[in-house]
Amino acid sequence: MKPPDKGLLLSSRVDFTIPSPFAREHLYYLIQYRRYQCVPGYEIKRDFLDMYLCAYVRSGSLHAFCGEQSADAAAGQLILMDCRLPHRYCATEPTELLWFHFSGGESAASTVQAIFPAYSAAVKK
């Protein structure tokens, strides 16, 4: 499915999964995932989404705000956020993201364990 968001190149797509009732009750599971190629002006702003986000910045940078916290992620870094809080993320330069929304298992407890800026950590290659 082509994403409707402003600031995405046409090569960007979104895929969805449908977890089983067992997975929803007992496991971590993916909801949406994909690669986005963003141009300046790409922005997502939500008050609430009942899931969590993990985004890996392959190139460019991502500015993220979640609750009262903010962080910047450069190429090679991750952002992990609790989308149940008011959140916003945007690209101010050409940026490529690999991302997924997830839930289930101990998603809430795992995400709450750290403060938002701590989630913007370099990924060792």
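This report walks through the fold, strand pairing, core and aromatic rings of a predicted model.

## Overall fold

Let's start with the big picture. The chain contains 2 helices and 9 strands, and their order along the sequence is β-α-β-β-β-β-β-β-β-β-α. Of its 125 residues, 42% count as buried.

The chain exposes about 7,200 Å², with carbon and sulfur atoms supplying 57% of that area. Contacts also reach across the sequence: among those between residues at least 6 apart, 71% join residues at least 24 apart.

## Strand 8 and its partners

Strand 8 covers residues 87–90 and runs antiparallel to strand 3 (residues 43–46), with 4 bridges joining them. Strand 5 (residues 61–66) is likewise joined to strand 8 by 4 bridges, and this pairing is antiparallel too.

His 87 is a handy residue to look for here. This strand 8 residue is the bridge partner of Arg 46, and His 87 is also the bridge partner of Cys 66.

In soluble globular proteins, nonpolar side chains tend to be buried together. In this model, the largest nonpolar core has 19 residues, and those with the most contacts inside it are Tyr 42, Leu 62, Ile 79, Met 81, Tyr 89 and Leu 97. Two or more core residues come from each of strand 2 (28–38), strand 4 (52–59), strand 5, strand 6 (69–74), strand 7 (78–82) and strand 9 (95–104).

Although Cys 38 and Leu 97 are 59 residues apart in sequence, their C-alpha atoms are 7.9 Å apart in space.

## Aromatic rings

Across the whole structure, a search finds 5 aromatic pairs. One of them joins Tyr 36 and Trp 99 edge-to-face, with 5.2 Å from centre to centre and 70° between the planes. This pair links distant parts of the chain, since Tyr 36 belongs to strand 2 and Trp 99 to strand 9, 63 residues apart. Tyr 36 is buried because its relative accessibility is 5%, and Trp 99 is buried at 8%.

Phe 100 and Phe 102 make a tilted pair, because their planes lie at 55°; their ring centres are 5.7 Å apart. Phe 100 is partly exposed at 30% relative accessibility, whereas Phe 102 is buried at 11%.

Finally, Tyr 36 and Trp 99 belong to one aromatic cluster together with Tyr 42 and Tyr 89. Tyr 42 and Tyr 89 are also among the residues with the most contacts inside the largest nonpolar core.

Terms used. Residues are numbered from 1 along each chain as its sequence is written. This is a predicted model: local features need pLDDT of at least 70, side-chain atom pairs count only at pLDDT 80 or more; totals for chains, interfaces and linings use all residues. Side-chain values use heavy atoms; hydrogens and water are left out. Two strands pair if DSSP finds at least two bridges between them. Buried means under 20% relative accessible area, exposed over 50%, partly exposed in between (1.4 Å probe, protein chains only). Contact means heavy atoms within 4.5 Å. Accessible areas come from the Shrake-Rupley method with a 1.4 Å probe; for residues, only the protein chains shown count as cover. A nonpolar core is a set of buried Ala, Val, Leu, Ile, Met, Phe, Trp, Tyr and Cys residues joined through side-chain atoms within 4.5 Å. Rings of Phe, Tyr and Trp (its six-membered ring) pair if their centres lie within 6.5 Å; planes under 30 degrees apart count as stacked, over 60 as edge-to-face and the rest as tilted.
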